[in-house]
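Here are my notes on this entry, as numbered points. Please read them with the structure open beside you.

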Amino acid sequence: MGFANEAAWDRIARVAGGIVLLYIGWAGVVTGGWGTFFKLIGFVPLATGLIGWCPLYAMFRFRTNDRLRDVRAA
Amino acid sequence: MTRSLDLSADRPTILEIWTPTCVACRAMQPDLDVVAKTFSDRVDLKMINAAEESAKIRELGVRATPTLIGVREGTEVFRIVGRRSRTDLHDLVEAVGRGGPVRRVSRQDSVLRLSAGFALLALGVAGGPAWPLAVLGVAVFVSGIGPLLRIRRE
């Protein structure tokens with residue numbers, strides 16, 4: 001996809017991390033306020049990993065897939 | 001998004017934007033060469049070195065390498081950024097050559113969705129149980145299997 005700013009390893013790490021966070025929250029490994037936090041925050045890395053685009057990366061013009069260093073230097 | 005390009009090419013063309021320092025470009029090049037040779041009777045491959053043609057790159061709105069742009073009848077029909085497998089490249093070039101629809105979801109995306117969906121479903125059913133996770137897993141799994149089934153039908 002043309003808008004992607006994440007490398008494959010980045011996406012896999014986000015998806016895996018998101019699944020772990022969601023599991024911790026939704027399976028009741030952690031309860032209370034932190035449990036709720038994990039329940040919600042896990043969706044963020046999961047979604048950004050599946051889409052391949054991170055809004056924070058875009059905001060700071062950062063990307064983990066290859067950059068056009070030569071062009072930007074020109 | 002379609003973009004009009006100032007290309008006088010009569011035949012469908014794949015623009016490959018690369019740089020000599022781009023590791024992914026070097027890794028993908030052998031696969032792209034093989035695919036381009038396979039479809040050389042129908043599709044042209046035009047390589048653009050971004051380090052040497054920065055004005056052209058800005059005009060095209062390219063921000064990363066490797067970028068592949070499929071052009072048919074002067075119009076951009078797809079744009080992908082990042083390394084793709086030989087199978088994905090074959091499908092993209094073949095679609096541009098025959099004038100058919102270009103698949104937007106790569107096999108890598110499908111596999112990632114299928115894996116994530118399966119993991120969510122398994123954890124949702126076995127570990128807890130946490131039904132919202134299982135439901136999410138089914139949704140993610142289905143979103144991955146749909147494009148894969150379309151790939152097999154084409």
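1. How many helices and how many strands does chain B have? The model is a predicted one. In it, chain B has five helices and four strands. Their order along the sequence is β-α-β-α-β-β-α-α-α. Chain B runs to 154 residues, and buried residues make up 49% of them. Take the contacts in chain B with a separation of 6 or more: 64% of these come from residues 24 or more positions apart.

2. Chain A has another make-up. It holds five helices and zero strands. The pattern along its sequence reads α-α-α-α-α. Of its 74 residues, 39% count as buried. Among contacts between residues at least 6 apart in the sequence of chain A, 69% join residues at least 24 apart.

3. On confidence, the model scores ipTM 0.78 and pTM 0.60. Chain B has a mean pLDDT of 82, with 84% of its residues at 70 or more. One stretch needs care: residues 1-5 of chain B have a pLDDT below 50. Beyond near neighbours in sequence, that stretch still has 15 contacts in the model.

4. Which cysteines form the disulfide? A search of the whole structure finds one disulfide over all chains. B:Cys22 and B:Cys25 form it, with their sulfur atoms 2.3 Å apart. The torsion about the S-S bond is about 85 degrees, so the disulfide is right-handed. Both B:Cys22 and B:Cys25 are buried. In chain A, A:Cys54 is buried too, at 6% relative accessible area.

5. Helix H4 of chain B covers residues 107-126. Buried residues in H4(B) include B:Leu112, B:Leu114, B:Ala116 and B:Leu120.

6. Still in chain B, look at B:Ala50. This residue lies in the loop between strand S2 (44-49) and helix H2 (54-60). B:Ala50 counts as buried because its relative accessibility is 0%, against a cut-off of 20%. B:Ala64 is 14 residues away along the chain, and the two C-alpha atoms are separated by 9.4 Å.

7. Now the aromatics. The structure holds four aromatic pairs over all chains. One of them joins A:Trp34 and A:Phe38, 6.1 Å centre to centre. The planes are 35 degrees apart, and the pair is tilted. Both residues lie in helix H2 (residues 32-41) of chain A, four residues apart, about one turn of the helix. An α-helix has 3.6 residues a turn, so residues three or four places apart point the same way. Is A:Trp34 buried or exposed? A:Trp34 is exposed, with a relative accessible area of 57%. A:Phe38, at 17%, counts as buried.

8. Two charges in chain A sit over rings. The charged end of A:Arg14 is over the ring of A:Tyr57, 4.9 Å from its centre. A:Lys39 lies over the face of A:Trp26, at 4.9 Å from the ring centre.

9. Where is A:Thr48 found? This residue is in helix H3 (residues 43-51) of chain A. A:Thr48 is buried, with a relative accessible area of 9%. Leaving aside neighbours within four places in sequence, A:Thr48 is in contact with A:Glu6, A:Arg14, A:Trp53, A:Cys54 and A:Pro55. A:Ala4 is 44 residues away along the chain, yet its C-alpha atom and that of A:Thr48 are separated by 9.8 Å.

10. The rest of H3(A) is worth a check. Its buried residues are A:Pro45, A:Leu46, A:Thr48, A:Gly49 and A:Leu50. Just after H3(A), A:Gly52 takes a positive phi of about 90 degrees.

How values were computed:
Residues are numbered from 1 along each chain as its sequence is written. Chains are lettered from A and ligands numbered from 1 in the order in which they are written. This is a predicted model: local features need pLDDT of at least 70, side-chain atom pairs count only at pLDDT 80 or more; totals for chains, interfaces and linings use all residues. Side-chain values use heavy atoms; hydrogens and water are left out. Rings of Phe, Tyr and Trp (its six-membered ring) pair if their centres lie within 6.5 Å; planes under 30 degrees apart count as stacked, over 60 as edge-to-face and the rest as tilted. Helices (H or I, at least four residues) and strands (E, at least two) are DSSP runs, numbered from the N terminus. Buried means under 20% relative accessible area, exposed over 50%, partly exposed in between (1.4 Å probe, protein chains only). A charge sits over a ring if NZ of Lys or CZ of Arg is within 6 Å of the ring centre and within 35 degrees of the ring normal. A disulfide is a pair of cysteine sulfur atoms within 2.5 Å. pLDDT is the predictor's confidence in each residue, from 0 to 100. Contact means heavy atoms within 4.5 Å. The expected span of a helix is 1.5 Å times one less than its number of residues.
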